[in-house]
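Hello,

Here is the structure I promised to pass on to you. Have a look at it first, and then read my notes below.

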Amino acid sequence: MTLRRRLEHSTLLAGFLARLVGTYLRFCRATTRWTRLGFDDLAADLAEGPVLVVMWHECSLMGPLLWPLEMGQLSTLYASSPIGRVSGALQRQSGLHPMEMADGASNMAASRVVLRRVREGASIGIAADGPLGPARQVKDAPLDWARAMQRPVYGFAYRTKRGRALKTWDRMWLPLPFNRGTVVFSRWEGLFPRKMNAEETEANRTMLATHLDETATRSEAMIAGENA
């Protein structure tokens with residue numbers, strides 16, 4: 001039986017692989033000197049209620065470990081695919097409360113799950129370009145969730161001085177230990193009305209993508225500034 005088939009049928013195996021990956025990432029986190037930006041704004045908004053955190057998928061590897069749990073709970077959706085199950089297990093082991101979404105489930109079904117968690121007081125995290133890409137193209141889900149939540153939207157990005165972009169569709173960033181890193185939470189000042197026509201939806205999609213690009217660029221520039 002292939003590893004993929006085993007992951008599809010074994011929660012224990014998914015948890016084991018997540019623990020291996022998580023052990024390495026926690027070691028990287030602990031041995032990295034982090035510079036943080038935007039945490040004061042984030043704390044102020046979280047004091048009023050949950051927020052929506054949006055990132056490019058390239059930042060999702062370390063995302064669960066860089067969320068400030070002391071400020072509040074974060075929930076994410078993960079796919080029922082083998083890699084999705086490992087991701088969900090890693091998030092649980094990081095102290096988050098991820099929610100599995102069945103393959104083929106609609107955005108409406110996902111929104112109902114998300115809103116239930118928001119009513120329970122949890123913020124929501126999502127990769128804007130989804131689990132499969134294309135890279136850095138905003139899907140419908142973050143737009144739908146932002147309209148439904150009517151809460152502040154934050155872009156998230158991180159970067160480390162030393163690391164590598166994996167040969168994956170999203171060029172996921174893999175940090176190395178004994179490092180310097182930056183973590184950025186950037187509040188988006190745009191508005192998501194509850195009802196948007198097609199033109200407004202595309203305009204917001206473009207503006208959100210620009211904000212996420214700028215957040216990623218800011219994180220990278222902070223590292224470059226430290227190295228100058």
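How many helices and strands are there in the protein? There are 8 helices and 9 strands, each being a DSSP run (H or I with at least four residues for helices, E with at least two for strands), numbered from the N terminus.

A word on the ground rules. This is a predicted model, where local features need pLDDT of at least 70, side-chain atom pairs count only at pLDDT 80 or more, and totals for chains, interfaces and linings use all residues. Residues are numbered from 1 along each chain as its sequence is written, and side-chain values use heavy atoms, with hydrogens and water left out.

Now the protein as a whole. Of its 228 residues, 48% count as buried, meaning under 20% relative accessible area (1.4 Å probe, protein chains only). Among contacts (heavy atoms within 4.5 Å) between residues at least 6 apart in sequence, 74% join residues at least 24 apart.

Is Q91 buried or exposed? Q91 is buried, because its relative accessible area is 7%. Leaving aside residues up to four places away in sequence, Q91 touches P64, T76, L96 and P98. The side chain of Q91 also makes a polar contact with the side chain of S87, at 2.9 Å; such a contact is a pair of N or O atoms within 3.5 Å, where one must be able to donate a hydrogen and the other to accept it, and residues adjacent in sequence count only if both atoms are side-chain atoms.

Best wishes

Key
Buried means under 20% relative accessible area, exposed over 50%, partly exposed in between (1.4 Å probe, protein chains only).
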